[in-house]
Amino acid sequence: MSDIMRPMSIGHLMNWALSEYKKKGSIFGIDKLVHYTSGQALPIYEEKIESPFGPAAGPNTQLAQNIIASYVAGSRFFELKTVQVMDGAELSACVAKPCITAGDECYNCEWSTELLVSQACDEYIKAWLALKVFSKKFGLGSPDGFIFNMSVGYDLEGIKSKKIDRFIESLKDASVTPQWKEYKNILKEFFPKDAEYIDNIPSMVCTSVTLSTLHGCPPQEIERIASYLIAEKHLNTFVKCNPTILGYDFARETLDKMGYDYISFDDRHFREDLQYCDAVPMFTRLKTLAESKGLEFGLKLSNTFPVDVKAGELPSEEMYMSGKSLFPLTV
């Protein structure tokens with residue numbers, strides 16, 4: 001298997017998905033399509049969501065076909081894979097491969113998307129259009145019953161760069177992109193009877209953003225970025241919180257009680273990361289700021305947890321834990 005991701009055209013995606021569904025009744029390997037009934041969606045921001053479940057920023061929100069597979073399997077909230085200024089081959093060269101392993105608990109040593117930021121934006125627009133069409137054609141639920149949430153990192157300078165600013169603005173209104181009209185025309189070739197519906201698909205892909213920062217990011221920088229995303233970009237904003245905010249003793253004791261005593265970590269990140277005493281007043285200020293702008297502020301609980309590589313799980317010295325072992329540190 002190649003370690004380089006190669007996006008597919010929207011025509012290829014449609015051909016694959018529709019031919020597979022016709023032959024097998026499945027879409028990208030998902031043979032039990034999840035259907036939501038009319039009126040099941042609940043409000044969030046000014047949008048609606050049929051289920052609060054969905055993939056966090058990661059492999060399942062990196063390529064359009066993975067987002068589609070997650071959707072037909074029942075996901076309705078999609079935190080899109082994080083983008084940053086460093087991208088493409090430059091980033092790929094910095095990530096040891098393989099970078100993901102999943103046994104009982106899960107680990108990774110990856111960062112943001114290895115696609116170019118422009119390619120990532122393209123994948124999300126393709127996926128948005130595909131889900132709008134598939135929801136209607138396959139009766140999976142309301143075309144307005146799912147949410148895309150963009151994710152950006154890792155510092156204010158990078159987020160303000162032309163590259164990331166273009167990404168943000170393109171997902172706020174995809175009609176400014178050259179592919180928006182082109183992709184809708186392609187979809188109308190596949191679904192000519194639904195041309196009017198396709199023409200009216202809303203171009204506002206994301207009304208919210210999740211901020212991802214590196215471990216050790218100063219609280220002042222976190223607040224500056226979140227304030228910028230709220231006040232300047234006018235986005236409903238989430239901030240990712242790391243389990244280190246809970247303190248070393250609590251994390252160590254909790255994992256030991258759950259049978260994860262073999263997971264190795266010291267107190268370095270607990271000392272260097274955002275502290276609880278700084279987080280609470282900062283989040284209160286950000287919530288007040290968001291409300292003053294008619295927006296919502298929230299937290300992602302919980303982001304990945306840095307632990308030591310002790311058994312050669314991945315080709316790095318440190319890796320990020322996720323999966324069910326992270327759950328007790330989230331609740």
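This is a predicted model: local features need pLDDT of at least 70, side-chain atom pairs count only at pLDDT 80 or more; totals for chains, interfaces and linings use all residues.
Colleague: What makes helix H9 roughly parallel to helix H12?

Modeller: Helix H9, residues 219–231, and helix H12, residues 276–292, pack at an angle of about 15°, with their axes 10 Å apart. Angles under 35 degrees count as roughly parallel, and therefore H9 is described as roughly parallel to H12. The crossing in which H9 passes H12 is right-handed.

Colleague: Which residues of H9 and H12 meet, and how many of them are nonpolar, polar and charged?

Modeller: From H9 come Pro219, Ile222, Glu223, Ala226, Ser227 and Ile230, and these meet Asp278, Met282, Arg285, Leu286, Leu289 and Ala290 in H12. By class, this contact of H9 with H12 has eight nonpolar residues, one polar residue and three charged residues.

Colleague: How do helix H1 and helix H4 cross, and at what angle?

Modeller: The axes of H1, residues 10–24, and H4, residues 117–137, come within 11 Å and cross at roughly 35°, and the crossing is right-handed. On the H1 side Ile10, Leu13, Met14, Ala17 and Leu18 take part, meeting Lys126, Ala130 and Phe134 in H4. The residues of this contact divide into seven nonpolar, no polar and one charged.

Colleague: Where are the cis peptide bonds that join Lys97 to Pro98 and Gly153 to Tyr154?

Modeller: The bond between Lys97 and Pro98 has an omega of about 0°, and Pro98 lies in the loop between helix H3 and strand S4. For the bond between Gly153 and Tyr154, omega is about -5°, and Tyr154 is found in the loop between strand S6 and helix H5.

Colleague: Why is Phe28 called buried, and what is its phi?

Modeller: The relative accessible area of Phe28 is 15%, and buried means under 20%, so Phe28 is buried. Its phi is near 50°, a positive value in a residue other than glycine, and Phe28 is found in the loop between H1 and strand S1. His234, which lies in the loop between H9 and strand S8, has a positive phi of about 55° although it is not a glycine.

Colleague: Why is the pair of Tyr71 and Phe146 called edge-to-face?

Modeller: The structure holds 18 aromatic pairs. In the pair of Tyr71 and Phe146 the ring centres are 5.4 Å apart and the planes stand at 70°; centres within 6.5 Å make a pair, and planes over 60 degrees apart count as edge-to-face, so this pair is edge-to-face. Tyr71 lies in helix H2 and Phe146 in the loop between H4 and S6, so the pair ties together parts that are 75 residues apart in sequence.

Colleague: How do you know that Tyr71 and Phe146 are buried?

Modeller: Tyr71 has a relative accessible area of 1%, and Phe146 is likewise at 1% relative accessibility; with the limit for buried set at under 20%, Tyr71 counts as buried, and so does Phe146.

Colleague: What makes the pair of Phe283 and Phe297 tilted?

Modeller: Phe283 and Phe297 are 6.0 Å apart centre to centre, with 40° between the planes. Planes under 30 degrees apart would count as stacked and over 60 as edge-to-face, which leaves this pair as tilted. Phe283 lies in helix H12 and Phe297 in strand S9, so the pair ties together parts that are 14 residues apart in sequence, and both residues are buried.

Conventions
Residues are numbered from 1 along each chain as its sequence is written. Side-chain values use heavy atoms; hydrogens and water are left out. Axes are lines fitted to C-alpha atoms, for helices over the stretch in contact, and angles run from 0 to 180 degrees between N-to-C directions. Helices (H or I, at least four residues) and strands (E, at least two) are DSSP runs, numbered from the N terminus. Angles under 35 degrees count as roughly parallel, over 145 as roughly antiparallel, 65 to 115 as roughly perpendicular and the rest as oblique. A crossing is left-handed if the near helix is turned anticlockwise from the far one by less than a right angle, and right-handed if clockwise. Contact means heavy atoms within 4.5 Å. Ala, Val, Leu, Ile, Met, Phe, Trp, Tyr, Cys and Pro count as nonpolar, Asp, Glu, Lys and Arg as charged, and the others, Gly among them, as polar. Buried means under 20% relative accessible area, exposed over 50%, partly exposed in between (1.4 Å probe, protein chains only).
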